[in-house]
Structure formats: structure tokens, C-alpha cells
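Visitor: Hi, I'm new to this one and would like a slow walk through it. Could we begin with the sheet and then turn to the helices?
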Amino acid sequence: MATFYEFGLDHLVARALSDMGFEEATPIQEETIPTVLQGKDLIGQAQTGTGKTAAFGIPLVERVSDEPDLIQAVVLTPTRELAVQVAEELNKIGQYKKVTALPIYGGQDIQRQIRALKKHPQIIVATPGRFMDHMNRRTIRLHGVEMVVLDEADEMLNMGFVDDIKAILKEMPEERQTLLFSATMPRPIQEIARNFMKDPVTISIKAKELTVPNIQQHFMEVPEKQKFDVLCRLLDIHSPELAIIFGRTKRRVDELSEALNKRGYGAEGIHGDLNQAKRDSVLRKFKEGTIEVLVATDVAARGLDISGVTHVYNFDIPQDSESYVHRIGRTGRAGKTGLAITLVTPREIDHLRYIEKATNRRMERKPVPTMAEAIEGQQRLTVDRLMETAGSDTLNLYRSLAEQLLEETDSVTLVAAALKLLTKEPDTTPVRLTEESPLRVGKKKMMDFPRGRGPRSGAKRSGPGGGGGYARAGHSKGRAPQNNRNRRDRDRDRDRDRGNF
Ligand SMILES: Nc1ncnc2c1ncn2[C@@H]1O[C@H](COP(=O)(O)OP(=O)(O)OP(=O)(O)O)[C@@H](O)[C@H]1O
Ligand SMILES: [Mg+2]
């Protein structure tokens with residue numbers, strides 16, 4: 001492995017990396033940084049959580065000048081939360097070189113963004129919709145742009161997004177460097193990409209499997225009606241530090257998080273129909289550990305780097321293999337281990353096999369946990385907590401009371417009572433979940449078309465705005481521009497949270 005000194009980086013950049021705790025380059029960084037520094041176009045593919053952000057972020061910061069006048073690089077990301085996260089990482093890398101990155105995304109006050117743009121950040125990290133708004137308002141000047149990065153490129157080049165990306169790239173200077181990164185890069189997407197790149201070098205970190213080996217992958221076959229009880233048992237057994245549960249649709253996410261709360265789990269949902277303030281607060285609480293369970297649509301599947309996510313549950317099997325790879329990649333990052341469990345209904349087994357084939361990795365079938373195992377899991381947790389407290393020196397206030405109680409009742413009964421009080425016993429409060437129909441996607445279609453290019457794209461485009469797409473919907477005359485923008489942003493997310501209208 002290479003140390004960062006071998007790339008001949010500016011010492012201000014090297015110092016920032018050392019502050020960040022980066023000692024050696026990861027394989028994708030080692031292979032891409034020299035090529036990007038040479039100014040070449042590049043398609044970079046490497047597994048989730050292996051440092052693709054810094055793979056483009058380091059050369060970006062290295063190559064922009066500290067001239068404060070011009071926007072010199074633009075990074076596009078499919079979601080708002082990812083834009084914020086990537087900008088944070090770039091700002092860390094650029095902290096000593098005085099390179100700043102500004103996140104620009106929908107759902108945030110546009111005037112505030114315009115004011116921030118006046119401070120002349122060298123790098124903009126944006127979601128495509130809001131970026132187009134600024135482009136059209138001429139509040140972003142692009143003539144100084146030398147580098148463009150599409151993070152999660154395959155997601156952004158899916159049909160429905162590709163027009164926006166093309167429109168944005170058309171406004172950029174011809175003489176620019178274009179970089180594409182993702183953990184998944186289906187071949188048809190690469191072909192689309194080549195249309196607006198110049199002799200791109202493809203760097204793909206060779207791995208037998210699309211997913212990292214440090215994520216254990218399990219599945220359980222469960223009838224639809226029992227999925228929720230099984231999920232609760234799994235949470236009781238695993239007591240995850242932080243867990244993400246993915247559901248298929250926004251309604252599903254709302255219902256699941258409500259149901260989990262009814263049963264005493266600290267869960268909140270995130271999806272594209274929530275306002276940005278709510279999305280931000282949910283994610284913040286999850287990162288802080290105030291809530292342990294994040295229930296999400298695929299809006300949270302890509303790129304998010306939250307340390308401490310030990311478990312990913314696919315409450316609903318994902319629609320395609322790319323979604324699977326990215327969802328489970330929210331755990332097992334930067335060399336840590338993680339567990340991903342997919343619940344699959346009997347009629348969806350074929351779909352699971354297709355995902356296994358596409359990722360070249362088998363999921364291990366596990367038996368459905370029993371109620372007794374769930375109780376045992378919670379009891380173990382209680383015992384751990386009890387023993388930890390017993391080992392602390394904070395018990396003086398309780399000792400005489402304990403002695404008094406032991407005179408009246410035998411010790412086993414007393415400890416058993418304490419254990420019972422402290423243990424969260426399985427809760428069977430009835431909950432309401434609307435049933436989802438099984439997912440049975442034609443295998444051939446899935447293999448032959450990138451997402452959105454197959455027959456499904458018809459359904460995707462049939463929302464408000466019809467075949468015109470949301471890109472244009474926002475610019476029709478006669479409506480308050482602000483409302484249109486909001487609607488467009490929402491539609492964009494709706495598009496991503498596939499199948500829920
Ligand atoms: N060289 C390095 N040394 C140590 N940690 C690193 C290094 N490079 C990146 N990391 C850390 O690894 C984690 C994952 O990085 P990153 O989010 O860039 O992964 P990714 O490849 O973009 O994943 P995804 O495909 O999910 O977007 C981050 O917390 C990042 O700070
Ligand atoms: Mg990433």
C-alpha cells in the first residue's frame with residue numbers, strides 16, 4: 001500500500017490527510033490519484049466503503065488553485081445528504097490549503113445558497129435539480145470549471161436523470177476533466193458515460209464479488225405477514241448499535257417506523273417526501289445515536305458513511321442488484337465488519353437468486369428466529385448491563401436497601417425480578433402494515449437493461465409531467481417558481497423511491 005507522500009501532494013493536503021487519520025491509500029485511491037492528477041478522464045469502480053470520496057477528493061483539492069474567484073470543480077451527487085457529506089470530506093481535505101467546498105441542494109433556502117456562493121468556494125457539491133436552478137438563474141458561473149465528478153454515476157445516469165446531467169455538462173467548458181465513481185457500473189451506463197468523456201481510463205478494483213467480504217450476508221424466507229414479527233425478533237437478538245432497515249416505498253417506511261415505535265424501538269424514517277429539516281434532524285439523531293434504528297427508502301442507500309452501522313436489514317428485498325449492493329454497503333465500511341439480512345417471501349426466492357448471481361456472492365440461508373431466542377437475546381443484554389453496573393462504584397446508595405430486601409426475600413427471586421424489570425420482553429402490540437405484493441422482476445429484463453431503461457421506465461415516467469420529465473416541469477410558466485422547484489425536487493426523490501406514488 002502506498003502512503004500519501006508517494007503522490008507528491010502539496011504538504012498542506014498531506015497534513016490534512018494525516019489529521020484525518022489516513023495513513024495509507026486504499027487500493028482505489030492508490031490507482032486513481034496519479035491518473036486524476038495527470039488530468040485524465042476516469043471511470044472508477046470499487047466496493048462500498050473503500051474510500052472513493054477521497055479518491056477523487058484528494059486530486060480535486062490538489063489541483064484547484066486557492067484563487068478565490070472561480071468555481072473550479074463541481075461534484076454532483078444523487079441525494080442531498082450525500083452532497084453534504086461529500087462537501088464535509090472535501091472541506092477537511094482542503095482545510096489547510098484553504099480550499100472550500102459548498103454543498104448546494106434542494107429543500108434548502110436558495111437565497112442563503114446565493115449568499116454562500118458569493119464567498120467564492122472553489123468547489124461546489126450539488127444535487128442535479130438544485131444545480132440546474134442555479135444554472136438557470138445564472139447564480140453559478142461555470143466558465144472556470146476544470147473538473148466535474150459524478151459520484152454514484154450509475155444512479156445519476158439512469159434514465160430520468162441522464163437528461164439533467166447532459167444539460168448540466170453542456171454548460172461546462174469543453175476543456176474539462178470528467179470523473180465518474182460508483183461501486184456499481186453496469187456496462188450500458190459506461191457506454192452512456194463515454195458520450196461525454198474524453199478517452200476515459202477505467203479503473204476497476206478487481207474483486208471476485210461486488211460486495212466487500214467483511215459484510216456477512218444472510219437471508220431468511222418469511223411469509224409477508226410474518227415479516228414484521230421476525231424483524232422485531234432480529235432486533236431483539238442482535239441489539240444493533242445502529243441499524244438501517246430498508247423498505248420498498250415511502251408508505252412502507254412510514255408504517256414501519258410507526259410500528260417499530262409502537263413496539264418500543266427507537267426508530268425514525270427517512271424518505272424523499274419528508275421536508276429537508278425533518279430529513280436533516282432524523283439523520284443527525286441517527287448519527288448521534290439518539291435513535292438506533294433508521295428506516296429508509298433507497299434515498300439512504302447510496303454513499304452515506306455513518307460509522308457504527310452494524311446491521312442492515314432489507315425488510316423488503318431490493319428491486320435490483322445495484323440497490324442491494326449499495327444498501328448493504330452502509331455497513332462494513334473502512335474495514336469494519338457488518339451483518340446484512342434480507343427478508344424474502346417464498347415467491348421472491350428467484351429474485352434473490354438473481355441478485356446473488358449478479359453480485360457473485362451467495363447469501364447464507366438462516367432459520368427464522370424463535371420467540372425464545374428473542375427473549376434470550378434481550379436477557380443477555382440485561383445481564384450485560386447488570387454486570388457492568390455491578391462492576392461500577394456507584395452502588396453505595398443502594399447497598400443498605402439491598403441488604404434489607406435480602407432479609408425478606410431470597411436472592412434468586414430478587415435477581416430474577418430485577419432481570420425481568422430490566423428486560424424488554426417481546427412486544428406483540430398489533431401493528432398495521434399494508435401488504436406489499438411480491439417482487440418478481442423478469443430476470444432477462446434485469447440483466448439486459450440498466451435500471452430504468454427496461455420496461456419499467458414507462459412506469460417511472462408516468463408521473464405528473466408525463467414524458468416531459470421533471471426537469472422541464474419546473475419551468476412551465478404561470479406558477480410560483482419556488483413551488484415548482486419544490487415540486488421538482490420532490491418528484492426527483494419520488495423517482496428514486498421507486499414504485500410509490
Ligand atoms: N486512506 C484511508 N485511510 C483510512 N480511512 C479512509 C481512507 N480513505 C477513506 N477512508 C474512510 O473510509 C470511509 C469510507 O469512505 P467513502 O465514503 O469514501 O467510501 P466509498 O467508496 O465512497 O463508499 P460508497 O460506495 O458506499 O459510496 C470513510 O469514513 C472515510 O473517511
Ligand atoms: Mg461514495
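Guide: Gladly, and please keep in mind that this is a predicted model. An open sheet is formed by 7 strands in the order β10-β11-β9-β12-β13-β8-β14, and their pairing is parallel.

Visitor: Which strands stand at the edges?
Guide: The edges are taken by β10, residues 267–270, and β14, residues 364–365; each has a single partner strand, so one side of each is left without a neighbour in the sheet.

Visitor: And how many bridges join β8 to β14?
Guide: Strand β8, which covers residues 215–221, is joined to β14 by 2 bridges, and the two strands run parallel. Within that pair, F219 stands opposite R365 in β14.

Visitor: OK, what lies across β9, β10 and β11?
Guide: Helix α11, residues 250–262, lies across β9 (242–246), β10 and β11 (293–296), and runs at about 170° to β10. Helix α12, made of residues 276–288, also lies across β9, β10 and β11, with an angle of about 135° to β10.

Visitor: Switching to helix pairs, at what angle do α3 and α4 cross?
Guide: The axes of α3 (residues 52–63) and α4 (residues 80–93) cross at roughly 45° and come within 10 Å, and the two helices are therefore oblique to each other. Their crossing is right-handed.

Visitor: Which residues in α3 meet which ones in α4?
Guide: On the α3 side there are T53, A54, G57, I58, L60 and V61, and these meet V86, E89, L90 and I93 in α4. Sorted by kind, the residues of this contact divide into 7 nonpolar, 2 polar and 1 charged.

Visitor: Is there a reason the positions are spaced like that along a helix, or why would residues a few places apart point the same way?
Guide: In general, an α-helix has 3.6 residues a turn, so residues three or four places apart point the same way.

Visitor: What about α6, which of its residues are buried?
Guide: In helix α6, which spans residues 128–137, the buried residues are P128, G129, R130, F131, M132 and D133. The helix is followed by R138, whose phi is positive, near 60°.

Visitor: Zooming out, how many helices and strands does the chain come to?
Guide: The secondary structure comes to 21 helices and 14 strands, and in this chain of 501 residues, buried residues make up 45%.

Visitor: Last one: what share of the contacts with a separation of 6 or more comes from residues 24 or more positions apart?
Guide: Residues 24 or more positions apart account for 79% of those contacts, counting the ones in the chain with a separation of 6 or more.

Note on methods. Residues are numbered from 1 along each chain as its sequence is written. Chains are lettered from A and ligands numbered from 1 in the order in which they are written. This is a predicted model: local features need pLDDT of at least 70, side-chain atom pairs count only at pLDDT 80 or more; totals for chains, interfaces and linings use all residues. A residue is buried if 20 or more other C-beta atoms lie within 10 Å of its own, exposed if 12 or fewer, and partly exposed in between; C-beta atoms are placed from the backbone. Helices (H or I, at least four residues) and strands (E, at least two) are DSSP runs, numbered from the N terminus. Axes are lines fitted to C-alpha atoms, for helices over the stretch in contact, and angles run from 0 to 180 degrees between N-to-C directions. Angles under 35 degrees count as roughly parallel, over 145 as roughly antiparallel, 65 to 115 as roughly perpendicular and the rest as oblique. A crossing is left-handed if the near helix is turned anticlockwise from the far one by less than a right angle, and right-handed if clockwise. Two residues are in contact if their C-beta atoms, placed from the backbone, lie within 7 Å. Ala, Val, Leu, Ile, Met, Phe, Trp, Tyr, Cys and Pro count as nonpolar, Asp, Glu, Lys and Arg as charged, and the others, Gly among them, as polar. Two strands pair if DSSP finds at least two bridges between them.
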